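Hi everyone, thanks for coming. Let me put the structure up on the screen, and then I'll walk you through it.

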Amino acid sequence: MIAVHLAADRPGSLTGTALFRSAHDGSTTRSPAPNELVLAGGVAGGAIRYESRAMLTAYGGEASTTDTGIEFAGADSVTIYLAAATNFVAYDDVSGDPSGRTAAVLDQLRSRPFNAVLRDHVTDH
């Protein structure tokens, strides 16, 4: 999991777009929930499938999902959580569920403020 927190020194001054891009042909994006975006695909000619899932919260502003990103405007701060997984389990087992894995990570973070996530990270490391 990657956590990014952007904060401005002036209220309402953060505007931008968090984008997904893949180096692999045939990847797709979808929005399974408001302010959440999924990039999924597989390695050409291989058995590996992958998924990246981002969740964005805009504080003091607005956010909306497009086909390729999550836009935010007029925010005081923005938190983005990103989870990524593949179907790899072992060298002879690619039965993992990347979608289930990324969804589970973000579900654990859904109601946690960035400061709590940061505090836990600092304690762990």
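Now the ground rules. What you see is a predicted model, so local features need a pLDDT of at least 70, side-chain atom pairs count only at pLDDT 80 or more, and totals for chains, interfaces and linings use all residues. Residues are numbered from 1 along each chain as its sequence is written, and side-chain values use heavy atoms, with hydrogens and water left out.

How confident is the predictor? pLDDT is its confidence in each residue, on a scale from 0 to 100. The protein chain averages 94, and 100% of the residues score at least 70. Among the elements, helix 2, residues 114–124, has the lowest mean pLDDT at 91, while strand 8 has the highest at 97.

By the way, helices (H or I, at least four residues) and strands (E, at least two) are DSSP runs, numbered from the N terminus.

On to the sheet. Two strands count as paired if DSSP finds at least two bridges between them. Here, five strands make an open sheet in the order 1-8-5-4-3, and the pairing is antiparallel. At the edges sit strand 1 (2–7) and strand 3 (28–30), each pairing on one side only. On average, neighbouring strands are turned by 15° against each other, direction ignored. For angles like that, axes are lines fitted to C-alpha atoms, for helices over the stretch in contact, and the angles run from 0 to 180 degrees between N-to-C directions.

Let's zoom in on one pair. Strand 1 and strand 8 (residues 77–86) run antiparallel and share six bridges. Which residue stands opposite Val 4 in strand 8? That's Ile 80. Helix 1, residues 98–109, packs on the sheet and touches strand 3, strand 4 (36–42), strand 5 (49–59) and strand 8. Contact there means heavy atoms within 4.5 Å. The direction of helix 1 makes about 20° with that of strand 5.

Side chains of opposite charge can pair when their charged atoms come close. We call it a salt bridge when a side-chain nitrogen of Lys or Arg is within 4 Å of a carboxyl oxygen of Asp or Glu. How many turn up in the whole structure? Six.

Take Arg 30 and Glu 51, whose side chains meet at 3.9 Å, N to O. Arg 30 is in strand 3 and Glu 51 in strand 5, 21 residues apart, so this pair links distant parts of the chain. Arg 30 counts as partly exposed at 40% relative accessibility, whereas Glu 51 is buried at 4%.

Next, Arg 53 and Glu 36 form a salt bridge, with their closest N and O atoms 3.2 Å apart. Arg 53 lies in strand 5 and Glu 36 in strand 4, so the pair ties together parts 17 residues apart in sequence. Buried or exposed? Arg 53 is buried, at 6%, and Glu 36 is buried too, at 3%.

Glu 36 also meets Arg 110 in a salt bridge, at 3.0 Å, N to O. Arg 110 is in the loop between helix 1 and helix 2, so here the parts tied together are 74 residues apart in sequence. Arg 110 is partly exposed, at 43%.

Put together, Arg 30, Glu 36, Glu 51, Arg 53, Asp 107 and Arg 110 are linked in a network of salt bridges.

Terms used: pLDDT = per-residue confidence, 0-100. Buried < 20%, exposed > 50% of the residue type's maximum accessible area, 1.4 Å probe, protein only.
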